[in-house]
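Here is a short report on one protein model.

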Amino acid sequence: MGKKTKKSSPLTTTPKENFKKLSMTKRNELNSYVNSLLKLGFIQTINVTEQWNQYVEIVSLLERIKMIESEISVINKKNFRRNTALDEFTKFIEDNGGKINDVKITDFPGYDLGLEALKDFKENEMFITIPDKLVFSFDKAAENVQYAAKMVSLIASMPNISLAFFLMIERLNPNSFWKPYLDVLPERYSTVMYFTPTELNELKGSSALAPALNQIKNIARQYAVLYQIYQQLGEDPKNEIGKLLKERFTYDLYCWAVSTVMTRQNLIPITSPTTDNLTKDDNPITKPALIPFWDMANHTNGHLTTSYNIESHQVESLTLNECKKGEQIFIYYGNRNNTDLLVHNGFVFPNNKNESIMIRLSLSSADKLFTERNNLLEKLDIKASEYLVGILPGPTFISEKLLGFARVFNMTKEQLDRWVESDRAGDLLHIDCAIETECESKAWNFIQNRLSLLLKMSPTTLDEDKELLEQSYSGAKGVKINRHKQMLIQFRVIEKTLLTEALEFAKGRVKC
């Protein structure tokens, strides 16, 4: 027999006296705003300026939507105290088989909550195990919840949205098995969906602005699609989940659920009668999941030290380094640059070993040598128009693809013809390549110009950003910078520092 997983308690309708509904007038007004949001969400933009203007319209609609939905929202923005629920949450983990005797959740300055060592740990020492029973994954949902998800293609086709859907339902379920866990999750996150336009304006000129705007638009569009679906499904008296979401589904609830999933999800093997017979050497199918208690650990540079033990059906995590009693235990979140961390995790990490900067490169269709250049780029696995990793931490600084593109972009027809026929075209991706001095100098000048342009796109200089960041840390008189803005300024400092270092490197490569 396969190992049975803990199913959430069946969802029961909230008592009528606690089930507040919007008036027909407000519901109609809300429907109108959502219709406008949906239309706006499917309009394509062609540049960052159009993106920003569209974002401002989206935010304006969302503010009106949230104002109306505030009457029925379950997201508590006031008087929320995560710390008061920690004791009950810890007991919940221990009562259900979690081994957390040597760690506890603690407030750490600059980190909010984190994991504190209650004893001295050696490197690679087991510090926590969480059984599969406590892993929050969609297969744990009650049958009516799984059925409701299958009825909506947006949810059924995307595992991360399925997980967010399950999280919303459990949040609305007063009898949820997971309530002790839900009570210690943040009510708000530092993901970009929670930024104001004034705060997000700090990203103008940076490589993170476009991804941030895309993320906000995508989540807003998903909300609008799901809202309209549940307004229809809620008309079916037999659809318990549809009826619930028809009245209780809000943007705040969806934003909270997807932010929880984005900032905390991990992939673990699917547990079923067939996978129960797998061994640690097999490669099972994985599913996104939340791992309670373990997910309170904060990130640092390192390597992955957490795994799922298929044989014992539990998550096991080892210490990255030696850790003394009273110190914070960190884990490694994975290979993510600061744009990814900012947009999807809600923080930035100085000295990120995986830092990189994306650059958009494009050949002009008016170029007389477009076909020849494109043919050579194809041999290098580079598209004629591509948004690619361009800048890397030192000592590399310039990515292979940026260097290859710059060289091809500056070749004559004769050079292009020769290289496209060569069986050593891949050498163009290497920094030390036997290429004509004139072409090489033009390539590095091209790179210099692109880096200089990227630095000039920001309304502030690196020195100005550093000074502003230092003032925010020191609490200088007259300087009022909230946590979101401080994080975005820090992102600018990190990005401009790398761009400046890469620019100096490129200058040194120009051949006279």
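## Aromatic pairs

The model holds 21 aromatic pairs. Rings of Phe, Tyr and Trp (its six-membered ring) pair if their centres lie within 6.5 Å; planes under 30 degrees apart count as stacked, over 60 as edge-to-face and the rest as tilted. Take Tyr-230 and Phe-249: their ring centres are 6.5 Å apart and their planes meet at 50°, so this pair is tilted. The pair links distant parts of the chain, 19 residues apart. Tyr-230 belongs to helix H9 (residues 209-233), while Phe-249 is in the loop between helix H10 (240-248) and helix H11 (251-264). Helices (H or I, at least four residues) and strands (E, at least two) are DSSP runs, numbered from the N terminus.

Are these two residues buried or exposed? Tyr-230 is buried, with a relative accessible area of 2%. Phe-249 is buried too, also at 2%. Buried means under 20% relative accessible area, exposed over 50%, partly exposed in between (1.4 Å probe, protein chains only). Ring pairs join Tyr-230 and Phe-249 with Phe-165, Tyr-223, Tyr-227, Tyr-251 and Tyr-254 in a cluster.

## Basis of the model

This is a predicted model: local features need pLDDT of at least 70, side-chain atom pairs count only at pLDDT 80 or more, and totals for chains, interfaces and linings use all residues. Residues are numbered from 1 along each chain as its sequence is written, and side-chain values use heavy atoms, leaving out hydrogens and water.

## Charges over rings

The charged end of Lys-204 sits over the ring of Trp-52, 4.5 Å from its centre. Arg-221 lies over the face of Phe-42, 5.3 Å from the ring centre. The rule: NZ of Lys or CZ of Arg is within 6 Å of the ring centre and within 35 degrees of the ring normal.

## Thr-106

Thr-106 lies in strand E1 (residues 103-108). Its relative accessibility is 18%, so Thr-106 counts as buried. Leaving aside neighbours within four places in sequence, Thr-106 is in contact (heavy atoms within 4.5 Å) with Asp-112, Leu-113, Gly-114 and Glu-116.

The side chains of Thr-106 and Glu-116 make a polar contact at 2.7 Å. Such a contact is a pair of N or O atoms within 3.5 Å; within protein, one must be able to donate a hydrogen and the other to accept it, and residues adjacent in sequence count only if both atoms are side-chain atoms.

## A three-stranded sheet

Three strands form an open sheet in the order E4-E6-E5, with antiparallel pairing. Strand E4 (136-137) and strand E5 (266-269) are the edge strands, each pairing on one side only. Strands pair if DSSP finds at least two bridges between them. Two bridges join E4 to strand E6 (residues 286-290). Phe-136 has Leu-290 in E6 as its bridge partner.
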